[in-house]
Amino acid sequence: MSECPRTADYLPWLDTELRRDPYPFYARALEEAPVSLDEDGAIVLTKYDDLMHYGRLPSVIIAPEWEKAGAWSVLLDAAIGHDEPNHTRLKRLTSKWLTPKRIREWVKITEAVTDEILDRVDTDGVIDGSDLAVEATHRTICHLLQVPDDEIDEVRRHMRQAMPMLSAVPSPADIEACTEAHIYLQNRTAALIERSRAQPGSGLVDDLLQAQDRGELTEAETLATLLFFYFVGHMDASYLISSGLKLFASRPDLFETFRSDPDSRQAMVAELVRFDAPEPVITRATTEDLNIHGYRVPAGTTLRLMLGAANRDPDIYSNPHEFDHTRPPEQSRNLTFSFGSHSCQGRLLAEAEIKAVWERIGARYSRVEVVAEPEMMLTDASRHYLTLPLRLHS
Ligand code: HEM
């Protein structure tokens, strides 16, 4: 293993430039160190085909990685924290809420909320794009769960506080902030559950509680599943909505195409998803010794699978650093929503929400302008807009 390139020489996780724009770093790692050894003994993979191959081996599992995630280890009780057979059991319990037919219903909420927010915009057209994106996506999830859509600012604040823990190198302050935030996240979820117990409805919360009463999942699994949907459900979709609005501001031609050509819209969403992964890394653990391109990887090693790097792998994509929604089908795939059995259950909803928000804006406005530098919260593992000051022009 001694000759394996060192991750720190290619992907210095704490470097502010890497956090701001990781793609030049990924490009060099893809070229010179597609497999590297991290300071904590993890193996970091960047190539698309390597992620797809090693990430899907039956001996490569997910659960031990959530044990290391501080307060996020509550998700060991959600589908995302389980390996088989519990993973499929839990995923099945929520899948009927995210069918294409249901999503067509949920997205009407996204549209209505976006219209409501746009109705409030003054004649000067000034709006915070990131507030709009969070409100539209969070209120959609609340509708799906059938829980009140109040406390949006608190939900958002605590999620911001909890996310940096998922870095490869969380600081003691990140760990403490995450623990503090989880007191709110878990109490809030428990309160939503209590409320649904007291006043049953017909949303996802009620459905899971009935399944729990039938013995199909435990109380801890209900809590973890609902916490995941309620809090995580808005994060990445809202990031991409904002990221697209910023792109439209710098490329008015793209916004014009999006507005005038409905057939281009899905491809634009998909290309942005490839181009700007909100959570550019997932982790797994090996349970058998592996040989990865000549490097011996013992059982029990963490694999850091760089989705964001694989999305720009030049062996898969021509001009990988260009936004090009006219790519041929073989270049239109991406790994932003993960892959294999753990691939994102909310993918269709997230893509539909992004398209819906841009469409509602495009129906009223012909140009988007960024009027002040956006504030961002960026780590090696997650990207967020804190603000996105925009002016919308009719
Ligand atoms: C752009 C928005 C989103 C992105 C980029 C995203 C990304 C991801 C990724 C990367 C994973 C897999 C993690 C892993 O393999 O370790 C995942 C899993 C998951 N996501 Fe999403 N997600 C998004 C939106 C959503 C939404 C809106 C929902 C719910 C309504 C959702 C629900 C889930 C669930 C339940 C899983 C666990 C699936 C499993 O473990 O089998 N996601 N997501």
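Predicted model: local features only at pLDDT ≥ 70, side-chain atom pairs only at ≥ 80, totals over all residues.
1. Leucine 145 is buried, because 23 other C-beta atoms lie within 10 Å and 20 or more are needed to count as buried. Leucine 145 belongs to helix H8, which covers residues 129-145.

2. What is leucine 145 in contact with, leaving aside its neighbours within four places in sequence? The residues are Gly203, Leu204, Val205, Phe229 and Tyr230. Take glycine 203 from that list: 58 residues separate it from leucine 145 in sequence, yet the C-alpha to C-alpha distance is 5.0 Å.

3. Contacts across the sequence can also be counted for the protein as a whole. Among contacts between residues at least 6 apart in sequence, 70% join residues that are at least 24 apart.

4. The next point is the nonpolar core. The largest one has 108 residues, and those that touch the most other members are Leu45, Leu145, Leu226, Leu227 and Met306. Helix H12 gives the most to this core, 9 residues. In soluble globular proteins, nonpolar side chains tend to be buried together.

5. If its neighbours within four places in sequence are left aside, leucine 227 is in contact with Val74, Leu185, Gln186 and Thr189.

6. On overall form, the secondary structure comes to 17 helices and 12 strands. The C-alpha trace spans about 65 × 55 × 40 Å along its principal axes. How does the radius of gyration of the protein agree with that of a compact globule? For 394 residues such a globule would have a value near 21 Å, and the protein has 21 Å, so the two agree. Of the 394 residues, 45% count as buried.

7. The ligand is surrounded by 24 residues, and the closest are Asp236, Ser338, Cys344, Gly346 and Ala350. Two or more residues of this shell come from each of helix H6 (86-95), helix H12 (219-232), helix H13 (235-250) and helix H17 (347-364). H13 provides the largest share, 3 residues. Sorted by class, the shell holds 14 nonpolar, 7 polar and 3 charged residues.

8. Some backbone details deserve a check by eye. Most residues other than glycine have a negative phi, and most peptide bonds are trans. The peptide bond from glutamate 84 to proline 85 is cis, with omega near 5°. Proline 85 sits in the loop between helix H5 (63-67) and H6.

9. Glutamate 151 is not a glycine, but its phi is positive, about 60°. Its place is the loop between H8 and helix H9 (152-162). Is glutamate 151 buried, exposed or partly exposed? It counts as partly exposed, because it has 14 C-beta neighbours inside 10 Å.

10. Histidine 293 also has a positive phi, about 50°, although it is not a glycine. This residue is in the loop between strand E6 (290-292) and strand E7 (295-297). Histidine 293 is exposed, because 11 other C-beta atoms lie within 10 Å and the limit for an exposed residue is 12 or fewer.

Conventions. Residues numbered from 1 in each chain as written. Near = placed C-beta within 6 Å. Helix = DSSP H or I, 4+ residues; strand = E, 2+ residues; numbered from the N terminus. Nonpolar A, V, L, I, M, F, W, Y, C, P; charged D, E, K, R; others polar. Rg over C-alpha atoms; globule rule 2.2 N^0.38 Å. Contact = placed C-beta atoms within 7 Å. Core = buried A, V, L, I, M, F, W, Y, C linked by C-beta atoms within 7 Å.
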